[in-house]
Amino acid sequence: MTVESTAARKPRRSSTGGSKRAGAKKAAPQKSTEPELVQLLTPEGKRVKSAKTAEYEAYVADITAEELRGLYRDMVLTRRFDAEATALQRQGELGLWASLLGQEAAQIGSGRATRDDDYVFPTYREHGVAWCRGVDPTNLLGMFRGVNNGGWDPNSNNFHLYTIVIGSQTLHATGYAMGVAKDGADSAVIAYFGDGASSQGDVAESFTFSAVYNAPVVFFCQNNQWAISEPTEKQTRVPLYQRAQGYGFPGVRVDGNDVLAVLAVTKWALERARDGEGPALIEAFTYRMGAHTTSDDPSKYRSDDERIAWEAKDPILRLRAYLESEGHANESFFSELDDESEALGKRVREVVRAMPDPDLMAIFENAYADGHALVDEERAQFAAYQASFADAPAAGEVK
């Protein structure tokens with residue numbers, strides 16, 4: 001065989017280095033394996049046990065009827081508060097509101113798994129977790145009404161202020177957890193974020209640092225299927241919990257509408273963090289029943305059929321069915337809770353409408369310790385603008 005004939009048999013290379021072969025097809029993308037889902041309570045309210053969930057069942061094996069009623073109460077009152085806040089925004093009392101409708105089990109289950117000395121870093125939708133940490137619900141509304149920049153002291157409840165910047169709180173949580181480890185404390189840190197935030201670089205950096213420094217932090221991702229109008233499948237090729245493997249720590253997907261499963265899995269993750277075993281990622285597989293915020297219209301990008309299918313998995317109805325079937329709650333309990341729920345809604349309305357307007361000039365305070373020429377100039381311009389209105393208060397006066 002001649003050299004020329006050997007060369008003739010070699011495939012020609014394209015400019016990109018690939019072979020040009022007739023009829024060559026693109027390799028089909030590999031499909032991820034079916035993700036395992038930790039579930040202890042079915043949508044019909046039936047307890048389930050399996051070898052797959054045995055490790056987590058131990059964390060709720062001795063839960064009492066009173067504690068079950070407490071979880072149900074937490075979810076009902078949180079939903080009532082959330083509904084009232086949405087109504088207040090529609091009435092012009094709040095500038096914006098991010099509803100948690102449908103995510104009550106993910107938040108109450110994880111929130112009740114924390115200890116008082118654990119530290120929580122939320123996004124802007126963790127109203128149920130705030131409830132579990134003892135933050136007065138009305139304090140959550142000041143920022144959305146525009147009368148303060150937070151509304152509570154983070155260190156009084158170990159519950160950080162709401163974070164509007166997507167994903168940045170995971171960095172704060174990781175740094176705090178690294179400090180906890182250096183202090184030798186046996187507490188843990190939990191950071192909340194959504195499926196959309198999981199695409200942010202801040203979250204990836206948090207995973208890296210927490211793994212390398214073995215930080216006692218639990219990353220709790222509420223996968224509510226939509227990052228505003230972007231579905232999860234357009235953000236990732238694998239289930240979110242599997243991302244943890246690439247960073248060297250465990251990831252678990254839990255039924256986010258099952259409050260018992262969420263409670264159990266979060267207890268597991270927090271305990272291993274306190275024991276020095278490092279970070280873990282929990283993906284709470286749930287659904288955002290309402291809009292991303294009150295400025296959003298979900299009917300523009302998702303179907304009614306999808307929403308209806310998830311309504312059948314309602315976390316509150318699920319636990320109620322279990323309570324009734326096991327005889328753990330009677331009609332008197334549900335009736336009294338309805339009354340308590342309405343009383344909460346009434347109190348929220350009254351407190352919000354009574355919130356005083358802030359000092360309009362306060363926005364310029366505390367920007368710099370010793371003052372700043374540009375801030376002084378802006379303050380004077382703003383004061384002049386406010387004074388141009390006939391009914392404007394004097395500078396520094398609260399209207």
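Mentor: First the term: a salt bridge here is a side-chain nitrogen of Lys or Arg within 4 Å of a carboxyl oxygen of Asp or Glu. This is a predicted model, so local features need pLDDT of at least 70 and side-chain atom pairs count only at pLDDT 80 or more, while totals for chains, interfaces and linings use all residues. Residues are numbered from 1 along each chain as its sequence is written, and side-chain values use heavy atoms, with hydrogens and water left out.

Trainee: How many salt bridges are found in the whole structure?

Mentor: The search finds 24.

Trainee: What does arginine 379 pair with?

Mentor: Arginine 379 forms a salt bridge with aspartate 376, with the closest N and O atoms 2.8 Å apart. Both residues lie in helix H14 (residues 373-387), 3 residues apart, which is about one turn of the helix. Helices (H or I, at least four residues) and strands (E, at least two) are DSSP runs, numbered from the N terminus.

Trainee: Which residue does arginine 318 bridge to?

Mentor: Aspartate 255, with 2.9 Å between the closest N and O atoms. That pair links distant parts of the chain: arginine 318 is in helix H12 (residues 315-325) and aspartate 255 in strand E6 (residues 251-255), 63 residues apart. Both arginine 318 and aspartate 255 are buried.

Trainee: And glutamate 84, what does its side chain meet?

Mentor: The side chain of arginine 349, in a salt bridge of 3.1 Å, N to O. Here too distant parts of the chain are linked, from helix H3 (residues 65-90) with glutamate 84 to helix H13 (residues 331-353) with arginine 349, 265 residues apart. Glutamate 84 is buried at 5% relative accessible area, and arginine 349 is partly exposed at 26%.

Trainee: Which residues are in the network with those two?

Mentor: Arg80 and Glu342 are linked with Glu84 and Arg349 in a network of salt bridges.

Trainee: Changing topic. Which residues make the nonpolar surface patch?

Mentor: Phe209, Val212 and Tyr213, covering about 350 Å². Patches are made of residues with over 30% relative accessible area and no salt bridge; like charges are joined within 9 Å, nonpolar side chains (Val, Leu, Ile, Met, Phe, Trp, Tyr) within 5 Å. Areas come from the Shrake-Rupley method with a 1.4 Å probe, and for residues only the protein chains shown count as cover.

Trainee: Where is valine 212?

Mentor: In helix H9 (residues 201-212). Valine 212 counts as exposed because its relative accessibility is 62%.

Terms used: Buried means under 20% relative accessible area, exposed over 50%, partly exposed in between (1.4 Å probe, protein chains only).
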